[in-house]
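Subject: Structure for you to look at

Hi,

Here is the structure I promised to pass on. Have a look first, and then read on for what turned up.

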Amino acid sequence: RQMCIRDRYMGNQIFKMGRKKRDYAYCKPFCYYCDKVFNNEIVLHQHQKAKHFTCQQCHKKFSTAASMCGHIQQVHKDNITKVPNALTNRDSVELNIFGMQGVPKVFLEERLIREATNYWTRQKMEERLRQKNLLKDQDPTGASKSQQQAEQKKQDNQNQQQLEEEDVDGEGMDTYPAQNQNITSGLIQIQFSTNLK
């Protein structure tokens, strides 16, 4: 199934039913100027307007660096050579960047490879840690905690069945209710006799 334009624009991932959902955090939109990562491109546009494409003199917001430069030249009669609040190597005004559009392709490919490598390295390390934790959870006999819990539950069920069988046979019946009846009837007689006096 193809992604519709809205889903691609919003950064939503579409998955077929039954497939394992993977974390595509390394594919999320990011700001070219400051390297900040966002959940979707709309928030990225808002960030770029607020932090990088805002006129420093009148605080008017623009969608691209080129439109900000044109505004500064026409209205304020000044020239701007660097994008405000940008990293040192990425502060060029010549690039026409709007969200993720206009980011140099070489930079995108390098970032994607680097982030994907980091992601899968973390996944492998987490898997190794899970394996080590499973080995630690095993007792000297070789049974894991889950096996021990299953055996304990089985033993509890057997004990419960034995108690129920004893109750049916009458051996497990206690004689306390009959004794309690005699005691309570004696208390009622005592209370009744004190009320007559």
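Let me start with Phe53: at 0% relative accessibility it counts as buried (buried is under 20% relative accessible area, exposed over 50%, partly exposed in between, with a 1.4 Å probe and protein chains only). Before going further, keep in mind that this is a predicted model, where local features need pLDDT of at least 70 and side-chain atom pairs count only at pLDDT 80 or more, while totals for chains, interfaces and linings use all residues. Residues are numbered from 1 along each chain as its sequence is written, and side-chain values use heavy atoms, with hydrogens and water left out.

Back to Phe53, which sits in the loop between helix 2 and helix 3 (helices are DSSP runs of H or I with at least four residues, strands are runs of E with at least two, and numbering goes from the N terminus). Leaving aside neighbours within four places in sequence, Phe53 is in contact with residues including Tyr33, Phe62, Met68, Val83 and Ile97 (contact means heavy atoms within 4.5 Å). Its C-alpha atom is 7.4 Å from that of Pro84, 31 residues apart along the chain.

The overall picture: the chain has 6 helices and 0 strands, and 20% of its 197 residues count as buried. Among contacts in the chain with a separation of 6 or more, 42% are between residues 24 or more positions apart.

Now the core. The largest nonpolar core has 19 residues, and Tyr32, Tyr33, Phe53, Ala65 and Val83 touch the most other members (such a core is a set of buried Ala, Val, Leu, Ile, Met, Phe, Trp, Tyr and Cys residues joined through side-chain atoms within 4.5 Å). Helix 3 (residues 65-75) gives the largest share of this core, 4 residues. Tyr33 is buried, with a relative accessible area of 0%, and Tyr32 is buried too, at 8%. Not counting residues up to four places away in sequence, Tyr33 touches His52, Phe53, Leu87 and Leu95, among others.

The aromatics are what I'd look at next. There are 5 aromatic pairs (rings of Phe, Tyr and Trp, the last by its six-membered ring, pair if their centres lie within 6.5 Å; planes under 30 degrees apart are stacked, over 60 edge-to-face, and the rest tilted). Phe30 and Phe107 make a tilted pair, at 5.9 Å centre to centre with 50° between the planes. That pair links distant parts of the chain, 77 residues apart: Phe30 is in the loop between helix 1 (5-10) and helix 2 (41-52), and Phe107 is in helix 4. Both are buried. For Tyr32 and Tyr33, the ring centres are 5.5 Å apart and the planes at 75°, so that pair is edge-to-face. Phe30, Tyr32, Tyr33, Phe53 and Phe107 form one aromatic cluster.

Which residue lies over the face of Phe30? Arg111 does, at 3.8 Å from the ring centre (a charge sits over a ring if NZ of Lys or CZ of Arg is within 6 Å of the ring centre and within 35 degrees of the ring normal). Arg111 belongs to helix 4 (residues 105-137) and is buried, with a relative accessible area of 7%. Its side chain also joins that of Asp35 through a polar contact of 2.7 Å (a pair of N or O atoms within 3.5 Å; within protein, one must be able to donate a hydrogen and the other to accept it, and residues adjacent in sequence count only if both atoms are side-chain atoms).

Cheers
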